[in-house]
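Here is a short briefing on one protein model. Keep the sequence and the 3D view open as you read.

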Amino acid sequence: MKDLKNTGSLAGAIEFHLAHSVGKTPDAASITDWRLALSRAVRDKLVTPWFDATHRTYAKDRKRVYYLSMEFLLGRILEDAVNNLGLEEEAKEALAAYGVNFAEVVNDEPDAALGNGGLGRLAACFLDSLSCLGIPAYGYGIRYAHGLFHQSFEDGRQVEMAEDWLRHQHNWEFERSECTYDIGFGGQVTETGSRAQWTPSDVVMAQAYDTPVPGWQASWTNTLRLWSAKPKKIFDLDPFNRGDYMQAAAPEVLAETISRVLYPDDSTEIGKELRLKQEFFFTSASLQDLMRRFLAHNGDLRALPSKVAIQMNDTHPAIAGPELIRQLTDIHGLSFEDAFDIAQGTLNYTNHTLLPEALEAWDVGLMTKVLPRHMQLIERIDDRLSRDVKKSETGVAPRIVDNGSVNMGTLAFTCARRVNGVSALHTDLMKQTVFSDLHAVYPDRILNQTNGVTPRRWVHGCNPGLRTLLNETIGTGWVNDLEQLEQLTPLADDAAFRIRFMAVKQENKQRLVDWVAETMGVQISPDAMFDIQIKRIHEYKRQLMNALETAALANAIRRAPDEDWTPRVKFFGGKAAPAYLDAKNIIWLINDIAKSVNEDPVIGDRLKVIYPPNYNVSMAEILIPAADLSEQISTAGKEASGTGNMKFALNGAVTIGTLDGANVEIRDHVGEDNIYIFGMTADQVQAARDGYVTQAHIDRSPVLKEVIEQIQTGFYSPGEPNRHRPVLEKLLRDDYFMVAADFDAYWDAQRQVDQGFADRDAWARMAVLNTARSGWFSSDRTIKGYARDVWGVESLLGDTT
Ligand code: Z16
C-alpha cells in the first residue's frame, strides 16, 4: 500500500488524541470520546496526501472542477474514511485493546444530513468518485448548523424535530477563520462612466470550513468547502452602550440565520427570501474563492474557461451566471459581452426534475430587492438570449423574465456551456418538454450523464459479506473498476456460488431482523421476502400504490390463509416535507395499515409491514444489503433518474418498477428476465391524461375497490372513519400520478414476484445477475463522462511528473 507518511501507529495516534484532543483517560472515555479520538487519528493520516494533491494541482496549473451544490448528503464520514484508507483492521484492533467495539464507535457518529435526498446524496457520491479518480475538484456548499429534520411518529403521524449534528465537536473539518468573503444584499446600483457599482445595504461574511475527501487509499484527496455565515460586526454598539444587549446582538443572529437550516423541501420550491439569500450566499462566496485562486496564477481572465469548470447542481446555484458576470464586469472591468462569453464557457448545469412545482422561479420584485445589480444583469442576459433566438429563427422565444418572475432553469440553461439530464429517458424528456424551445436554439447544449453511486460506500462499506465474497471470487479490483462485476455472470449458473451469494444476503437480512427487533421491538422472519421502498415520500413516487397493494394482499391472505403464500415483509422508509400535507397523510395511512396487518393473527408471518422512523443514509446502509425486492414504482416520466434503484441492484435485489428514469437503463443492463417491469410508459401516461377518470379504473379493479371501501369505512382507523378521507378524496378527484390506472398491473407484477421468489434457486440466479450487471452504475463511470464531455479535465492519478 501507498506510504501515507503517517504519524505512526493508529493505536498510538488514538491514545494521543484521546488525551490531547478530547482530554480524557481511557478509563473515563465514553464511546463518543473514542469516536472523536479515532476521527482525529484518521484525519491526521489524510493531511499529507491532501497537501500532496493540492500541490500537484498547483504545480501543473491544472484545470479544476468546482461542484456547486446546496446539498451534500454525506451521512457518516468516519467509517467511510477508515475504509478508503484501508485502516479497518488496525482500527478494530487498536480499540479492542481497550475493550472498545469499533462498530459501536463508528455507529455513534451522527449523519451529516446536509441534503434532502437523491440530489444531495448524488453530490456526495460524486465527491467520492472525483477523489478516487484523481480529478482536481472542490465541492462548494453550505455548512448548515441544522441538517434535515429528525422524523418520529406519534400515533402514526410524522413529527419533526430539529437536527443538531454539530452538538459534539465535528472532527473532520478545518475551520478557516482567515478565509472569508463579504456577501452583499439589497442596496443601490450607481453608474460611474460605463461601470456599474453595487452598494449593498446589508453585508454578511461567508467563512470557509474544509473537509478533506479522501479517495481510495488516499491516493488523491479533494476538498469539500462549506460556507458558514458570520456577522460583519458582532455587536451594534449603540444599543450595547444603552444596555440593550439583546438588540445589540441582533446583527449576529440575523447573519447566522443564513446558514442556520437546510430547507426540507424535496422537489418543491417555496420562493422564500431566505432561500434566495442562501443561494446567493454560497454561490457568491464560492465564485469569489475560485476567482482568487485563478487570479493567483493567471493574469488573463479570458483563460478562465480553460482552467475552471463549474457545475451547477440544479438551479439552486443558477445565480452563478449573473454573479460571475458581475465580478468580471463591475470588479474586473470587462464588457458585458466578454464577461458573458467567459461565464458561459465556464458554467454547466445539471437538471434533476421536470416537475413544474420544482422549477425555481423568483419573483422579480423580490430579486430586485435582494439582488438589484443581478436583476439588471438578468435582463441583459435575457436580451442576449433573444438575439440568439432571432439568429436561430426557431419561432417560439423562451424568456428568462416572464410573467413577473425570473425562470431560473432558463437562466441556468442560457448561461451554461453544457446542460445535462440524469438518465437517458429524463434527458430525452428535457428536450421534448421544458427545454424544447431552448434546445431548438442551442441544439448541441443538452447531453445525458446517467447518475451513478459510489461502490466504496454502497457495496464495500455497507455490505461486508458481499465485499468478502467478491474479493475471494474476482479479486479486489472491482472497488475502483466496478464493471469487473461482470465476471460474476457465468457464476449465476454455478449452484455453489449461488448458495454463497444467498448466504451473504441471509446474513444481511438477519442483521436487519436484529436491528428491527432492537429499535422497534417487532419480530420478523428472515425467511420472508424483504420488499423495500425507501425514498422521500412524494405522490409521484407512489408509496400510496404500494400501501394499497399491501392492504389488498392482506385481504387476500385473510380470505385464504391456508393458500401457499410467499411470506413478505414490506419495508417503507422516508420523510415528507413538513408542509407537504398530502405526503404526511400517506405516511399516516401506511402506519395505520402496518398496525392493522401486524396485529392480525390470521395474517401472521405471511405479511408484515415495517416503517422505521427517521430514514437516513445510515439506515439505507442497513436496509439495502438486506433487500430481496427493490420498489421503484414512480409514474413513468416523473422520476428523473433515481439512485436508490442502482444501490439495490448492486446489492443483489431484484427490481419491481416502471419504465422510469434510470430503471430503463437498469433493465437494459440486467436483462428483462431479471427485473419486474409493469405499468404505463411515459408516452402512455401522457396519452392517458385526456379523459382520465379515476373511478373508471377503480370500477374495473375489484381488488383496488375493496381496499378503497375499507379505508373509506374506517377499517384502518377504527372509530374514526374520516381519518383517511383526504387521501382518498384526492385520489378520486385528481389521480394525477395515475395510481388507479397502474394498480392492476402492479398487483399482477407482485404476484409474479411471489412466484419468482418461491423458486429460490431461480431467484438467486436473478439476484446474482443483478449484481453482476450493475457495475455500469458506478459514479466513477458517471464522473468520467462529465470529465470527458462536460468539463474537459483529466485525472492526475499516476501522473507523478
Ligand atoms: C432531488 O433529490 C431530486 C430532484 C430535485 O429536483 C430535487 C431534489 Cl432535492 C432527485 C430526483 O428526484 C431523482 O430522480 C434523481 O435521481 C436525483 O435527484 C439525483 O439526480
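This is a predicted model: local features need pLDDT of at least 70, side-chain atom pairs count only at pLDDT 80 or more; totals for chains, interfaces and linings use all residues.

Residues are numbered from 1 along each chain as its sequence is written.

**Around the ligand**

- The shell around the ligand has 19 residues, and Gly118, Leu119, His352, Thr353 and Ser641 come nearest. A residue is near a molecule if its C-beta atom, placed from the backbone, lies within 6 Å of it.
- Five residues of this shell are nonpolar, 11 are polar and three are charged. Here Ala, Val, Leu, Ile, Met, Phe, Trp, Tyr, Cys and Pro count as nonpolar, Asp, Glu, Lys and Arg as charged, and the others, Gly among them, as polar.
- The ligand lies between domain 1 (61-76 + 111-451 + 784-791) and domain 2 (464-777), because both give residues to its shell. The domain bounds come from an automatic or database domain assignment.

**Helix H6**

- Helix H6 covers residues 118-132, which makes 15 residues. Helices (H or I, at least four residues) and strands (E, at least two) are DSSP runs, numbered from the N terminus.
- H6 reaches 21 Å from its first C-alpha to its last, close to the expected 21 Å. The expected span is 1.5 Å times one less than the number of residues.
- H6 is largely enclosed by the rest of the structure, because 15 of its 15 residues are buried. A residue is buried if 20 or more other C-beta atoms, placed from the backbone, lie within 10 Å of its own, exposed if 12 or fewer, and partly exposed in between.
- Just after H6, Gly134 takes a positive phi of about 70°.

**The nine-stranded sheet**

- Nine strands form an open sheet with mixed pairing, in the order E7-E10-E11-E4-E1-E12-E13-E17-E18. Its edge strands are E7 and E18 (446-448), each pairing on one side only.
- Neighbouring strands of this sheet are turned by 25° against each other on average, direction ignored. The axes are lines fitted to C-alpha atoms, and angles run from 0 to 180 degrees between N-to-C directions.
- E7 (residues 174-185) and E10 (residues 202-214) run antiparallel, joined by nine bridges. Two strands pair if DSSP finds at least two bridges between them. Phe174 has Asp210 in E10 as its bridge partner.
- E10 also pairs with E11 (residues 221-231), antiparallel over 11 bridges. Val213 has Asn222 in E11 as its bridge partner.
- E10 and E11 form a hairpin with six residues between them, and Gln217 in the turn has a positive phi of about 55°.
- E4 (residues 137-142) runs parallel to E11, with five bridges. Ile142 stands opposite Trp227 in E11.

**The three-stranded sheet**

- Three strands form an open antiparallel sheet in the order E14-E16-E15. E14 (361-363) and E15 (401-402) are the edge strands.
- Two bridges join E15 to E16 (residues 405-407). Val401 has Val406 in E16 as its bridge partner.

**Two residues with positive phi**

- Most residues other than glycine have a negative phi.
- Arg542 is not a glycine, yet its phi is positive, about 60°. Arg542 is in the loop between strand E19 (529-534) and helix H22 (543-559). Arg542 counts as buried because it has 28 C-beta neighbours inside 10 Å.
- Met738 has a positive phi near 60°. Met738 is in the loop between helix H30 (725-733) and helix H31 (739-758). Met738 is buried, with 23 other C-beta atoms within 10 Å.
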